[in-house]
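Visitor: I'd like to learn how to read a model like this one. Could you walk me through it?

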Number of protein chains: 2
Amino acid sequence: MEMEQNKIPQATAKRLPLYYRFINNLHTQGKSRVSSKELSEAVKVDSATIRRDFSYFGALGKKGYGYNVEYLLSFFRQTLDQDETTEVALIGVGNLGTAFLHYNFTKNNNTKIQIAFDTQSEKIGSVIGNVPIEHIDQLEAKMSNISVAILTVPSSAAQGIADRLVAAGISGILNFTPARITVPEHVRVHHIDLAVELQALVYFLKHYPLEEE
Amino acid sequence: MEMEQNKIPQATAKRLPLYYRFINNLHTQGKSRVSSKELSEAVKVDSATIRRDFSYFGALGKKGYGYNVEYLLSFFRQTLDQDETTEVALIGVGNLGTAFLHYNFTKNNNTKIQIAFDTQSEKIGSVIGNVPIEHIDQLEAKMSNISVAILTVPSSAAQGIADRLVAAGISGILNFTPARITVPEHVRVHHIDLAVELQALVYFLKHYPLEEE
DNA sequence: CAATAGTCGTTACGTTTTTCACAATCTCGC
DNA sequence: GCGAGATTGTGAAAAACGTAACGACTATTG
């Protein structure tokens, strides 16, 4: 594992996948060149921030010209390890879980949902979006060499499943339940809380009015 | 609209809904008192940060004692305008949209999905999670007094729908499509990009190793 | 009532992140 | 090959954010 890029700010790291997708779009559209200003309008990130972000990886552009899309794309593919796919498990095949299974991550991404788990027997054995669904009892048995899990179970089950994932050797959990799960230090958890996101938006609307007109 | 709390940092504002929910939980559990340390363990936010966040609203706690759950709850209810429900529209009743419709926001929140729209005729007229589903053609007609929309349509349709929402007088959009939509300055958009979240987690796992052991 | 332990509110400081602004450099048309 | 215009990369400043530390105050116990 190269540690040279250890110095990349977290805020920058979070934007990288976004950049990657839009550069990919540009490439598909046949564009061969792009400026930080254009990219800024597309991804809604300040152009200075984009230039700064890119600069952590060295001089990727040319002054007076901008960035070569092809070069940028191949660079990001390498940086984001697009060549090597990360296998992901999904726990909880409800509506939200199903949405993920239909989401074609592999197309533009380095991730692939390899297997899904649920408790409901009528779902077991079926395949959604090319992903087979197994009974949750099989979790420990079938999680070898899977290091990332998406948690879309009811919140009451979240901590219990998280404990089992940890025991099975998970490295990262994307937690969509409202519960804040507790895990050992070596496991990284990202929380995405849909109700909180909605409420936060409402709060901002009421208390941080934007420019009128 | 009170503007006194204009000075609350955005980072704090984003945490308020989270605090609210956990305080609500404590109240339901019959706890009458809580310290910033306890709350910290529950919501996974540093206790000093919690005290700081609360302090923007004045002295809510008592030294040597902690915070009174009931008081905190009534305070947050007021601050987050929990008494007055915000009506929300949902556009796009796919898997993700359906997940939202089943999510009982109203229970713990000040938001209620009032109406949903889709293009597929077999869904029109049905009701999911108490929310009626209308044809997208009805959008302009039935959006009066709705100021917030959840956008869960295919990304190719995102900008077009966004334009119509803006024309219909929307104030805020929670955008779950990978597309970054363009709107006038007075409309607030929060982007939640599931693929980006997953990729970001993977990137962090590879490049920012956590403490081993 | 004194002593002890607990907890807040806030100050001070360090870190991270964003933004400004411009010299350096490149492109492109003529 | 020159000059006008475009765009990068970055130094420096500002803004935003997080956290350690501690004085002030409270509750509780003996």
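Guide: We'll go through the DNA strands and then a sheet. Keep in mind that this is a predicted model.

Visitor: Which residues come nearest to DNA strand C?

Guide: Start with the residues that have a heavy atom within 4 Å of the strand. Here 27 residues are around DNA strand C, and A:Arg15, A:Arg52, B:Ser36, B:Arg52 and B:Gly64 come nearest. By class, that surface has 11 charged, 9 polar and 7 nonpolar residues.

Visitor: What part of DNA strand C lies within 4 Å of the protein, sugar or phosphate, or bases?

Guide: Sort the DNA atoms by where they belong. Sugar or phosphate holds 61% of the atoms of DNA strand C within 4 Å of the protein, and the rest belong to bases. You can pick out individual pairs too: an N or O atom in the side chain of A:Arg33 is 3.2 Å from a phosphate oxygen, whereas A:Arg52 has a side-chain N or O atom 2.7 Å from a base oxygen. Backbone atoms take part as well, with a polar one of B:Gly61 at 2.8 Å from a phosphate oxygen of DNA strand C.

Visitor: Which elements supply at least two residues of the surface near DNA strand C?

Guide: Those are α1 (10-28) and α3 (47-55) of chain A, plus α3 (47-55) of chain B.

Visitor: And how many residues surround DNA strand D?

Guide: Read DNA strand D in the same way. It is surrounded by 25 residues, with A:Ser36, A:Arg52, A:Tyr67, B:Arg52 and B:Lys63 the closest. Of the atoms of DNA strand D that come within 4 Å of the protein, 58% are sugar and phosphate. Two or more residues each come from α3 of chain A and from α1 (10-28) and α3 of chain B.

Visitor: Now the sheet. What is the order of its strands?

Guide: Trace the pairing from one strand to the next. In chain A you get β5-β6-β4-β3-β7-β8-β9, an open sheet of 7 strands with mixed pairing. Its edge strands, β5 (127-128) and β9 (188-191), each pair on one side only. β5(A) pairs with β6 (131-135) in the antiparallel sense over 2 bridges, and A:Ile128 has A:Val131 as its bridge partner.

Visitor: Which strands does helix α8 of chain A touch?

Guide: Helix α8 (155-167) packs on the sheet, touching β3 (86-91), β7 (148-151) and β8 (172-175) of chain A. Its direction makes about 170° with that of β7(A).

Conventions:
Residues are numbered from 1 along each chain as its sequence is written. Chains are lettered from A and ligands numbered from 1 in the order in which they are written. This is a predicted model: local features need pLDDT of at least 70, side-chain atom pairs count only at pLDDT 80 or more; totals for chains, interfaces and linings use all residues. Side-chain values use heavy atoms; hydrogens and water are left out. A polar contact is a pair of N or O atoms within 3.5 Å; within protein, one must be able to donate a hydrogen and the other to accept it, and residues adjacent in sequence count only if both atoms are side-chain atoms. Helices (H or I, at least four residues) and strands (E, at least two) are DSSP runs, numbered from the N terminus. Ala, Val, Leu, Ile, Met, Phe, Trp, Tyr, Cys and Pro count as nonpolar, Asp, Glu, Lys and Arg as charged, and the others, Gly among them, as polar. Two strands pair if DSSP finds at least two bridges between them. Contact means heavy atoms within 4.5 Å. Axes are lines fitted to C-alpha atoms, for helices over the stretch in contact, and angles run from 0 to 180 degrees between N-to-C directions.
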